[in-house]
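Have a look at the model first.

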Amino acid sequence: MAAQLEELIQKGHFGDGGRLPAERKLAEQFGVGRGTMREAVSKLETLGILVKNQGVGTFAVYPPPQAAGRMLMLTAGDVTALELFEVRYALEPEAAATAAARRTKADLTELRGILKRSMAAAIEGAEFVSLDFQFHNRIIQASNNRLMRRLYEQIGPHHAVYSEKVIAIPGRIERACEGHQRILNAIAQGDAEGARSAALDHLRSAERDLALEAS
């Protein structure tokens, strides 16, 4: 969705002023829900392609930042980084919310163990990349939804390629661990909305880091 909206912006679809219609109208035009459109707009804000002016509207930035164009071209295996994030946004927040309602003591024990290992002071990048995916995949497992599990299996190779691109960014591991901790806390407390919100925040943070790496 974000990639489709970005393409229209690149083509000047929204005119010289670059003002976008209200999210409700955009959602209707694209035939998607308002939540889906809201997330697409948020992603493009993260990349600096869109700017929200409170009380006035949402505007495209011309010319779009160089980082945005480069991020759209970054690959995560045989897909783009934005395509990977679109799928992660669709799956991970809902999986976290579902896991908060269905997790078992065994699920929590495993998640805590993965997080503890990933927070080791001298952890190598390759090991963290593996543990990072294990953490998110374990949340999918805790959702106890077989279809979510099958879908997420397809993400694994792409997730690893993306992670390898950003793992060396100063502070990335620490920010990822902080995000993981917030997600885990909400799941442990059975707070579905908190888990969903923490997962969204974590993805936005990762996307910001990837945008910076592309600049």
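How many salt bridges does the count come to? It comes to 10, where a salt bridge is a side-chain nitrogen of Lys or Arg within 4 Å of a carboxyl oxygen of Asp or Glu. Keep in mind that this is a predicted model, where local features need pLDDT of at least 70, side-chain atom pairs count only at pLDDT 80 or more, and totals for chains, interfaces and linings use all residues. Residues are numbered from 1 along each chain as its sequence is written, and side-chain values use heavy atoms, leaving out hydrogens and water.

Start with Glu94 and Arg196, whose side chains meet in a salt bridge at 2.8 Å, N to O. This pair links distant parts of the chain, 102 residues apart: Glu94 sits in helix α5 (residues 81-102) and Arg196 in helix α11 (residues 192-214). Helices here are DSSP runs of H or I, at least four residues, numbered from the N terminus. Arg196 also forms a salt bridge with Glu193, with the closest N and O atoms 2.2 Å apart. Both of those residues lie in helix α11, 3 residues apart, or about one turn of the helix.

Now for Asp107, which forms a salt bridge with Arg138, the closest N and O atoms being 2.7 Å apart. Asp107 is in helix α6 (residues 105-118) and Arg138 in helix α7 (residues 125-142), so the pair ties together parts 31 residues apart in sequence. Asp107 and Arg138 are both buried, meaning under 20% relative accessible area (1.4 Å probe, protein chains only).

How values were computed
Helix = DSSP H or I, 4+ residues; strand = E, 2+ residues; numbered from the N terminus. Buried < 20%, exposed > 50% of the residue type's maximum accessible area, 1.4 Å probe, protein only.
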